[in-house]
Each structure stands twice: as C-alpha cells, then as structure tokens.
Amino acid sequence: MASVVLSEAEKLYIVHGVQEDLRVDGRGCEDYRCAEVETDIVSNTSGSARVKLGHTDILVGVKAELGAPKLERPNEGYLEFYVDCSANATPEFEGRGGEELGTEIANTLYRVFSSENCIDLKSLCINPREHCWILYVDVLLLECGGNLFDAISLAVKAALFNTRIPKVRVLEVEEGSKEIELSDDPYDCIRLNVDEVPCIVTLSKIGYRHVVDATLQEEACSLASLLISVTSKGALTCMKKVGKGSLDPESIFEMMETGQRVGKSLHTALQKVLDEEESLGTTRQKVGFLG
Amino acid sequence: MAAVAMRLPVARKAVAESAGGEKHLVAPGDIITTDTGYMRGHGTYVEDEKLIASVAGVVERVNKLVYVRALNTRYNGEVGDVVVGRITEVQQKRWKVETNSRLDSVLLLSSMNLPGGELRRRSAEDELAMRDYLQEGDLISAEVQSVFSDGAVSLHTRSLKYGKLGQGVLVQVSPSLVKRQKTHFHDLPCGASVILGNNGFIWIYPTPEQKDEEAGGFTTNLEPVPLSDREVISRLRNCIVALVTHKLMLFDTSILYCYEASLPHQIKDILKPEVMEEIVLETQQRLLDLEG
C-alpha cells in the first residue's frame, strides 16, 4: 500500500487530535471527505463509474460477456473482479509492484460479493448450464490518497448501477442447439438491482479511538484496521482485519457499530447522487477526465 | 453523527484574465518568437530558427535573455532560501534530506549546530550519535548554504531558529506558489505559527510559549497540544489548501486574510468547493484593495 513517512512528533499530533475528535483537516472521527461520483464515462463498457474521495481516484468499468455458467451453479451468472494498481498512483506500483495490493483488493471484493443476496445472479442466466452473462468488473487505481477499499466499493456499486446488459432472445435451431440473438435496439437492456450491494467501511484504530476514511498520514499512525461490508439496511455481510497490530474484542464491537451506522449514511448519500445523475438524463454535462 | 457528502463533479471554470498585466503563457511546443537576436535560457530550445518552449509556464525576458519560468516544477535551490525538509537517509557524515527537488538535498554534520552552541570539530562520537538527533522521517527547517554543480542543494541549520521540528502539520504545495519574502517564519495573530518553505513545504505548528534560547530544536515538546490551538492549525491548513487549489500566492497576509474570511464556516466545510471559492474570492478582493 502506498505510504508516507512521518516523524514521531507528527504521528503524536495526529493521535492526540483523534482522541479529541478533531482530525488534521477539521473532520470528526466519523466524517468522510467530500466525494465526487460520476458514471458512464467509459463509452465501450457496459457500465462505468469514477469516484474521487479526496486524493483517492478510482475508475471502475463493467463489461458483460456471454459465457458458460460455473458447474456448481448452473442457473446463475457470476462476477469476475480484476484490480489494476496503475503506476500513475505511486511509483511503488511500477512494474509488478502493485500486483500484491491488486490481488488483495480483488480477493476482498470476491469475499464481499460472495454473500447470497447482494446481486440477483439468477437474472444473469440465459440458458441453464449453457449460457449466462459474466460481468467482468475491472477496477483501476488512478491515485492513492488513503482509504482505498471504501472508494473502490462505492465505485463498484455505482458502476453496477450504471450497467446496461442487452436483452437477448434464445432461438431454437434444428438439432436441438440454441442460438442467442441480441436485440437490434441498443437501448433495449436490463438494469441490475443494486439495493443489496454492500459497501465497505474501513475503520482504522488510532490510539484509543477509531476513524473512518483515513488519509495516508492517518493510515501511517494506525496499526490495525477493520474492514466491514455493510448493506444499505445496515446488515453486516463480511468482516476482515488488516494491519500488523492487535484489536481488543470490545473495540471490535464498537467499530462494528460505528461501521454499520456510517455504512447506512454512505449508502443513502451514494443513492442520492446516483438518482440525481439519473434524473438529469441526457442534459447532464459529462465532466470525465478533461473537465 | 456521520457526515457523508457526495456530489456530481463540476467542470473547472476557465480562469478570467486577472489584473496584473499581460502574461505570455506558453505550453510545451508553443513558438515564443522567431526573432533570432535573443539568447535562449532555461525552458526553451531552437528548431528551424524558431524559439520553442519546452515547459509550460510564463515567458520572461531580461535584456537579451529569453527564458520560460515553469509554473509546476520541482524546487530549484538558491542560496539563502529557507526550506523545510524530511530526512530520508543517515549517511557517514551527513544526512540526505528530501526537499521536493530533482536530487535529495544534503545536510552535512558540520553544518549542524551542536547542543549548547558548542564550537568544535565534529569527532567520531558525533558521527556515531547522528541518528540520536535526526532519524529517517524527521522534519527539519534549514537554510540553503550552497548549490552543487549538479543542482543538489547543501543545507545548514547554523542558527537557533532552524533545527528539528516538533508537533504540527505539513502541507505540500508547488514551490512556485510560495512568495519570496524577507522572512519565512511567521507568528500569526490567530494563535499559530507557520514556516513557508521556499520548496513548497509549509509547516504549521502551535506557537511555543517561551522562546527557548538554548533549544535550537534539540528537545521536542511531546505534550498534547490544546484543542483551541488544534482548531486554529486545522483551519489554517484548510485555508492554505483552498488558496493553493485556486493558485493564489502564499504569503503571511494572504493566509491571514483567508483565515479571517473562513471564520464564519466550520473547519471541515472549508474544503467544500463552493465554500472554498467564496473564501478565496473574498481574500482576492481584500488583497486587491490592499494593493490599490
């Protein structure tokens, strides 16, 4: 993970500040930085989204492709995650430096999305045991400014909300084999229901308290963090501890409660922005990368 | 109560032509002049008898010399500049300091003051005790003593106002936004002190109560900073970020005006784009009134 080096006095200043609920940029322990969300920026994907959380910049593209279902789940489609840590983010990611972080993030996303209800995978099935939709979710890290997992999960949710999968018809050809026909109208598509998609909230333990949305400097002062994935109703689906320090069981409970509370506000804020963007429709001025 | 603010991105507005005369802005590849009578300086090259810019910046002319002063560039050291740097390596008789320049700066052991202000040759024991004083990651304030031929800068802390920095906040900005002034150490009336390093590292720290004469940065005060000082420091930090986002020059008056303009808002709201714009506009207005 990209990290900054801090002097002991700077770390002490940050730790004392967190104790008094006043972080370096004036936020409280449960406040997020100002985030910008935009969808539909990459034109040759089925869905895309970009999230800028302070100095963290994430781009997610979703491509829907036809394929065969997995053997153990013949009636469902599935998602494949790939995370690319671009060398643009920090020089540490040059060459193969970002691979370790990329696989860690991808594995976390697989775990988060492995719960039964988050996406209706049965709707992605076209012909049981033969054809289904596979959603390839590609995450690109453009800039690392702390709190990667939260930003990535927000971007994945926004990209899935934006995904448009073309409607297909199955035709019975002679000899029993089936053919798939894509509809001619490019706007004739199905949307995914992302109400149950969870978002990840990272709680970093600094001193005796925990903070949400840590910057790179705050991450350097924290020895242990808890990643929890929360649905919009506040249900906890998955939990993971990262970092080389230890966590007290009581503080884990406190962090879980905070995470659930913060997770619910995160979902409402994201849904509000996505609905606002949707309502603007074609009148929306696309900002993209050159704005 | 958690506060989560999400919004749609807004396209950047084109900056209006501000007062201050015409500035000849160029991008890499732009033709500066076709007149061959000029001497070419930094940031330019000649192709087909045309003078073309190689960096993005402002064209400056001094008699017959034409050069382009880049706006977003690494720090180029000049003798006498005050810089804030971070120790990256501890070597045999010197420290390597990161100052946002092309090469790491050098702080020789002989350029560092000994505790108590002793004047003597540095011995082998001093060399072994180097790490006790400055380790990797420590922040120092220093002055540029000389510049080597390859552009690397040699620093010295031969005055009691320079030395290791204690508790505070570091803000990293572009070096071209820090205005050259007589003094770079400011004790702001709002209750905090600020060091405006010429290399773009701005250090905000709580004003020390007594001016210790024998300290020179050898003892770090590790007591918790009171909440009122913290609020001032956080507000200053956000104001500096606001000024930098709108590309205003940083000097004590601009920071102070921005601080005063931000008082009606909460500290964390200063970083919201619309509040930032409002505060910076008010600061610009006050600065123009000051000049005019």
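These are my notes on a charged patch in chain A and on some strand pairing in chain B of a predicted model.

**Chain A, surface charge**

I looked for charge on the surface and found a negative patch made up of Asp248(A), Glu250(A), Glu254(A) and Glu257(A). I picked Glu254(A) to follow up and placed it in helix 5, residues 249-280 of chain A. Buried or exposed, or something in between, for Glu254(A)? Its relative accessibility comes out at 44%, so I logged it as partly exposed, since that label covers values between 20% and 50%.

**Chain B, the open sheet**

Next I went through a sheet in chain B. It is open, has four strands in the order 2-7-8-4, and its pairing is mixed. Which strands sit at the edges? I got strand 2 (25-26) and strand 4 (39-40), each of which pairs on one side only. I then checked strand 2 against strand 7 (residues 57-62): they are antiparallel, with two bridges between them. For a specific contact I noted Val26(B), whose bridge partner in strand 7 is Gly57(B).

**Chain B, around strand 9**

With strand 12 (residues 139-147) it runs antiparallel, and I count five bridges. Across from Val82(B) I found Glu143(B) in strand 12. Strand 10 (residues 94-98) is also antiparallel to strand 9, through four bridges. There, Ile87(B) faces Val97(B) of strand 10. How many residues does the hairpin use to join strand 9 to strand 10? I make it three.

Definitions and conventions:
Residues are numbered from 1 along each chain as its sequence is written. Chains are lettered from A and ligands numbered from 1 in the order in which they are written. This is a predicted model: local features need pLDDT of at least 70, side-chain atom pairs count only at pLDDT 80 or more; totals for chains, interfaces and linings use all residues. Side-chain values use heavy atoms; hydrogens and water are left out. Patches are made of residues with over 30% relative accessible area and no salt bridge: like charges are joined within 9 Å, nonpolar side chains (Val, Leu, Ile, Met, Phe, Trp, Tyr) within 5 Å. Accessible areas come from the Shrake-Rupley method with a 1.4 Å probe; for residues, only the protein chains shown count as cover. A salt bridge is a side-chain nitrogen of Lys or Arg within 4 Å of a carboxyl oxygen of Asp or Glu. Lys and Arg count as positive and Asp and Glu as negative; His and the chain ends are not counted. The place of a charge is taken as NZ of Lys, CZ of Arg, CG of Asp or CD of Glu. Buried means under 20% relative accessible area, exposed over 50%, partly exposed in between (1.4 Å probe, protein chains only). Two strands pair if DSSP finds at least two bridges between them.
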